[in-house]
Amino acid sequence: MSIQTGQPAPQFTLKSTDLKDVSLSDFKGKKVVLHFFPLAFTGVCTTQLCTMRDSFGYYDGLNAQILGISVDSPFTLGKFEEENNYQFPLLSDFNKDASAAYGALYADFMGMKGVSKRAAFVIDEDQNVIYAEVLENAGDLPDFDAIAEKVK
């Protein structure tokens, strides 16, 4: 089931690259930009997260937190984060619970079961979804301008 704007955001607790639990509820009172992506170290996923990295300054002073989420292990994500100098946390949805809750999970992706779809969500300060975009084609990128507009 896909998440619609106006709905309460599905809550989650995932492992960060430093093996700490990070929950969506940790950011209540801030806007949160969730970027789901299929797999670390792949071309379009790197472009997606590097675009957010390169526009990170835009979000300064806007009381917003960016989170990247994939089904990769925290160890893989740690190396991906380090090599690309991401200033925002990458979270492991290894058990696929968050991806499924947000309707952002491929049943089959190039023969692999349970890979996150490329998706973007903006959650408001009260933890309601104010922007939702789930892409069926993993080669497409989210609408970064629409995301930025919702965070303003």
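This is a predicted model: local features need pLDDT of at least 70, side-chain atom pairs count only at pLDDT 80 or more; totals for chains, interfaces and linings use all residues.

Modeller: Residues are numbered from 1 along each chain as its sequence is written, and side-chain values use heavy atoms, with hydrogens and water left out.

Biologist: What makes F27 a buried residue, and where is F27 found?

Modeller: F27 is found in the loop between β2 (21-23) and β3 (31-36), where strands are DSSP runs of E with at least two residues and helices are runs of H or I with at least four, numbered from the N terminus. Buried means under 20% relative accessible area, exposed means over 50%, and partly exposed lies in between, with a 1.4 Å probe and protein chains only. The relative accessible area of F27 is 13%, and therefore F27 is called buried.

Biologist: Which residues does F27 touch?

Modeller: Contact means heavy atoms within 4.5 Å, and, not counting residues up to four places away in sequence, F27 touches V22, V32, Q65, L67 and Q127.

Biologist: What is the order of the strands in the sheet, and what makes β2 an edge strand?

Modeller: Two strands pair if DSSP finds at least two bridges between them. With that rule, 7 strands form an open sheet of mixed pairing, in the order β2-β1-β5-β4-β3-β8-β9. The edge strands are β2 and β9 (129-135), each of which pairs on one side only. From one strand to the next, the twist averages 30°.

Biologist: How do you know that β1 pairs with β2 and with β5?

Modeller: β1 and β2 pair in the antiparallel sense over 3 bridges, and β1 and β5 do so, also antiparallel, over 2 bridges. The bridge partner of K15 in β2 is D21, whereas in β5 K15 stands opposite S92, and S16 has L91 as its bridge partner in β5. The hairpin of β1 and β2 has 4 residues between the strands, and there L19 takes a positive phi near 65°.

Biologist: What makes the contact between K15 and D21 a salt bridge?

Modeller: A salt bridge is a side-chain nitrogen of Lys or Arg within 4 Å of a carboxyl oxygen of Asp or Glu. The side chains of K15 and D21 meet with N to O at 2.7 Å, and the pair is counted as a salt bridge. K15, at 36% relative accessibility, is called partly exposed, whereas D21, at 51%, is called exposed.

Biologist: How do D18 and K20 stand against that definition?

Modeller: The side chains of D18 and K20 meet at 3.9 Å, N to O, and this too is a salt bridge. D18 has a relative accessible area of 48% and is therefore partly exposed, while K20, at 54%, counts as exposed. The structure holds 8 salt bridges; among them is that of D108 with K113, whose closest N and O atoms are 2.9 Å apart.

Biologist: Why is α3 said to have a buried face?

Modeller: In helix α3 (residues 74-84), P74, L77, G78, F80, E81 and N84 are buried. Seen down the axis of α3, these buried residues fall within an arc of 165°, so they line one face of the helix; the arc is that of the directions from the helix axis to the C-beta atoms. On the other side of α3, F75 and E82 are exposed.

Biologist: What covers the buried residues of α3, and how does α3 run relative to β5?

Modeller: The cover includes β1 (13-16), α1 (43-54), β4 (64-70) and β5 (90-92). α3 lies across β1, β4 and β5, running at about 165° to β5, where axes are lines fitted to C-alpha atoms, for helices over the stretch in contact, and angles run from 0 to 180 degrees between N-to-C directions.

Biologist: Why is α5 also described as having one buried face?

Modeller: In helix α5 (residues 144-151), F144, I147, A148 and V151 are buried. Seen down the axis of α5, these residues fall within an arc of 95°, so they line one face of the helix.
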